[in-house]
Amino acid sequence: MDVSVTSRDVGDRTVVEVAGEIDVYTAPVLREELSVLVEDGRVDLVVDLTAVRFMDSTGLGVLVGALKKVRSASGHLQLVIESERLLNVFRITALTQVFTIRDTVEAALAG
């Protein structure tokens, strides 16, 4: 599998750092990590996608599912995307209207 998912707490927020490729084979790793965090009550999430080289529709589905879970628990989920190529995937699918997207982790933590 070519994906790495780690998380760290920053105050009341949890930063989830994702690296590699998120596709049909690796998306379950991300889904599991996000599900565990939400089940543990960590519902103010910043998902850092700056080290993601590729994401397909399965990865998008995982993020949308996580957003629904977080919102149902009265939480917040922000994405950090600096790659124009990855950002275009969110624009084409109109998910820029659904997600709060920041340029840096620092901006997400401040917002």
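Here are a few questions and answers about how the labels for this predicted model come about.

Q: Why are α1 and α2 called roughly parallel?
A: Helix α1 (residues 27-39) and helix α2 (residues 57-72) pack at about 10 degrees, with their axes 9 Å apart. Angles under 35 degrees count as roughly parallel, and that makes α1 roughly parallel to α2.

Q: What makes the contact between those two helices?
A: On the α1 side you'll find Ala27, Leu30, Arg31, Leu34, Ser35 and Val38. From α2 come Thr58, Gly59, Val62, Leu63, Ala66, Lys69 and Val70. By class, the contact residues split into 8 nonpolar, 3 polar and 2 charged.

Q: Why does Leu30 count as buried?
A: Buried means under 20% relative accessible area. Leu30 has 0% relative accessibility, so it counts as buried. This residue of helix α1 touches Val5, Val18, Ile22, Val62 and Leu63, leaving aside residues up to four places away in sequence.

Q: What makes up the β-α-β crossover from β3 to β4, and which hand does it have?
A: The chain goes from β3 through α2 to β4, and the crossover is right-handed. That label goes with a clockwise path from the first strand over the helix to the second, seen with the strands pointing away from the viewer. Another right-handed β-α-β unit is made by β4, helix α3 (residues 84-92) and β5.

Q: Why do β1 and β5 stand at the edges of the sheet?
A: The open sheet has 5 strands in the order β1-β2-β3-β4-β5, with mixed pairing. β1 (3-10) and β5 each have a single partner strand, so one side of each is left without a neighbour in the sheet. From one strand to the next, the twist averages 25 degrees.

Q: Which strands does α2 touch as it packs on the sheet?
A: α2 touches β2 (13-22), β3 and β4, and its direction makes about 180 degrees with that of β3. Angles over 145 degrees count as roughly antiparallel.

Definitions and conventions. Residues are numbered from 1 along each chain as its sequence is written. This is a predicted model: local features need pLDDT of at least 70, side-chain atom pairs count only at pLDDT 80 or more; totals for chains, interfaces and linings use all residues. Side-chain values use heavy atoms; hydrogens and water are left out. Axes are lines fitted to C-alpha atoms, for helices over the stretch in contact, and angles run from 0 to 180 degrees between N-to-C directions. Helices (H or I, at least four residues) and strands (E, at least two) are DSSP runs, numbered from the N terminus. Angles under 35 degrees count as roughly parallel, over 145 as roughly antiparallel, 65 to 115 as roughly perpendicular and the rest as oblique. Contact means heavy atoms within 4.5 Å. Ala, Val, Leu, Ile, Met, Phe, Trp, Tyr, Cys and Pro count as nonpolar, Asp, Glu, Lys and Arg as charged, and the others, Gly among them, as polar. Buried means under 20% relative accessible area, exposed over 50%, partly exposed in between (1.4 Å probe, protein chains only). Two strands pair if DSSP finds at least two bridges between them.
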